[in-house]
Amino acid sequence: MPYGMYAAIRARVDARTAPQVDRLLRPSLALTTDAAEGTVAGCLGGLPALPDGVDWPEHAGRPMQLVARLDCAGLAEAFRAGGGSRPLPADGLLLFFHDDGFTDFAGRDCRVLHVPVTAPTRAAPPEGAVAVLAEAPVRARWALSAPSYQDPELERLFPDDFLVALDLARDLADHLDRPDVRVLGWCDTDTARYDGHRPLLQVDAWAAGAAWGEAVNVSFWIPEEDLAAGRFDRVRHGVEVA
């Protein structure tokens, strides 16, 4: 933890509560297209690598858009570089699909697949069926992540004064970068939270070169127990609207 953040927490809250705030901080990975930074970690956009017999994921009869294809080995290396253990599979690819029409307000219009690195790249659906994002290689670096005032884990520490949680969240944000693409950590946006879930991936539209209308950020949320078990079949979709 940066010393400035450590001091800010203790300037805002008492000695009993400060360690509880410390424990809320989470490791994450910041993904960037800067070729000079971090560990090779896959790409945003492009075409998916799908094993034989696995169809291109669809929602309501329409092919979903591939948002990211991330290399688990590269993500694990980046987590180790930060001194932490890997919370994701050790190998394979994670493919993140969503409905870029955002038609399901329950957040079921997305899918995450864990596939072998040897899976062949699949050709795009017929022209016009889905907008294929331009492929943009990304690299990963370890990054600390802090909750916001919208996260109940922080709010519950201050049941009698919500403004303390609000001010503390601002203090924490002042000491941390907000990456355009983040793996795990806390939610960086005003997206509605799913109880018992945490963000698996967050992507700003401009970073992905995406035309998502009023949607400026999309996120994929995974149940806590599924993350621990390496399951990705119940991930839900989040959207931040400008």
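This is a predicted model: local features need pLDDT of at least 70, side-chain atom pairs count only at pLDDT 80 or more; totals for chains, interfaces and linings use all residues.
Visitor: Let us begin with the inside. Which residues of the largest nonpolar core touch the most other members?

Guide: In soluble globular proteins, nonpolar side chains tend to be buried together. In this model the largest nonpolar core has 39 residues, and Leu70, Leu88, Phe96, Leu201, Trp212 and Phe220 touch the most other members. Another core, of 16 residues, lies apart from it, and Met5, Ala18, Leu24 and Leu25 are among its residues.

Visitor: What is Leu70 in contact with, leaving aside its neighbours within four places in sequence?

Guide: Its contacts include Leu31, Ala41, Gly42, Cys43, Leu75, Phe96, Val138, Val183 and Leu201. Gly42 is also the bridge partner of Leu70, which is in strand E5.

Visitor: Which strands does E2 pair with?

Guide: In a regular strand the side chains alternate between the two faces of the sheet. As for partners, strand E2 (residues 39-44) is joined to strand E8 (residues 136-145) by four bridges, and the two run antiparallel. Within that pairing, Val40 stands opposite Arg139. E2 also pairs with strand E5 (residues 65-71), over three bridges and again in the antiparallel sense.

Visitor: And strand E1: how many of its residues are buried?

Guide: Strand E1 (residues 26-32) has seven residues, and five of them are buried. Seven bridges join E1 to E8, and these strands run antiparallel. Arg139 in E8 is the bridge partner of Thr32; Arg139 also stands opposite Val40. E1 pairs with E9 as well, over four bridges in the antiparallel sense, with Leu29 opposite Val183.

Visitor: Next, the aromatic rings. How many aromatic pairs does the structure hold?

Guide: A pair of aromatic rings is described by the distance of the centres and the angle of the planes. The structure holds six aromatic pairs. In one of them, the ring centres of Phe102 and Trp212 are 6.5 Å apart and the planes stand at 90°, so the pair is edge-to-face.

Visitor: Where do Phe102 and Trp212 lie?

Guide: Phe102 is in the loop between strand E6 (93-98) and strand E7 (110-115), while Trp212 is in the loop between helix H6 (205-208) and strand E11 (215-223), so the pair ties together parts that are 110 residues apart in sequence. Phe102 and Trp212 are both buried.

Visitor: Which rings have an arginine over them?

Guide: Arg10 lies over the face of Tyr6, 3.7 Å from the ring centre. The ring of Trp186 has the charged end of Arg26 over it, 3.6 Å from the centre.

Visitor: Trp186 leads on to Gln202. What does the side chain of Gln202 reach?

Guide: It reaches the backbone oxygen of Trp186, at 2.9 Å. Gln202 belongs to strand E10 (residues 197-204). Leaving aside neighbours within four places in sequence, Gln202 is in contact with residues including Asp180, Arg182, Leu184, Cys187, Asn217 and Ser219.

Visitor: Is Gln202 buried or exposed?

Guide: Buried means under 20% relative accessible area. Gln202 has a relative accessibility of 2%, so it counts as buried.

Visitor: And is Ala192 buried or exposed?

Guide: Exposed means over 50%. Ala192 has a relative accessible area of 57%, so it is exposed. Ala192 lies in the loop between strand E9 (181-184) and E10.

Visitor: How many residues apart along the chain are Ala192 and Val239?

Guide: They are 47 residues apart along the chain, and their C-alpha atoms are separated by 7.9 Å.

Terms used
Residues are numbered from 1 along each chain as its sequence is written. Side-chain values use heavy atoms; hydrogens and water are left out. A nonpolar core is a set of buried Ala, Val, Leu, Ile, Met, Phe, Trp, Tyr and Cys residues joined through side-chain atoms within 4.5 Å. Buried means under 20% relative accessible area, exposed over 50%, partly exposed in between (1.4 Å probe, protein chains only). Contact means heavy atoms within 4.5 Å. Two strands pair if DSSP finds at least two bridges between them. Rings of Phe, Tyr and Trp (its six-membered ring) pair if their centres lie within 6.5 Å; planes under 30 degrees apart count as stacked, over 60 as edge-to-face and the rest as tilted. A charge sits over a ring if NZ of Lys or CZ of Arg is within 6 Å of the ring centre and within 35 degrees of the ring normal. A polar contact is a pair of N or O atoms within 3.5 Å; within protein, one must be able to donate a hydrogen and the other to accept it, and residues adjacent in sequence count only if both atoms are side-chain atoms.
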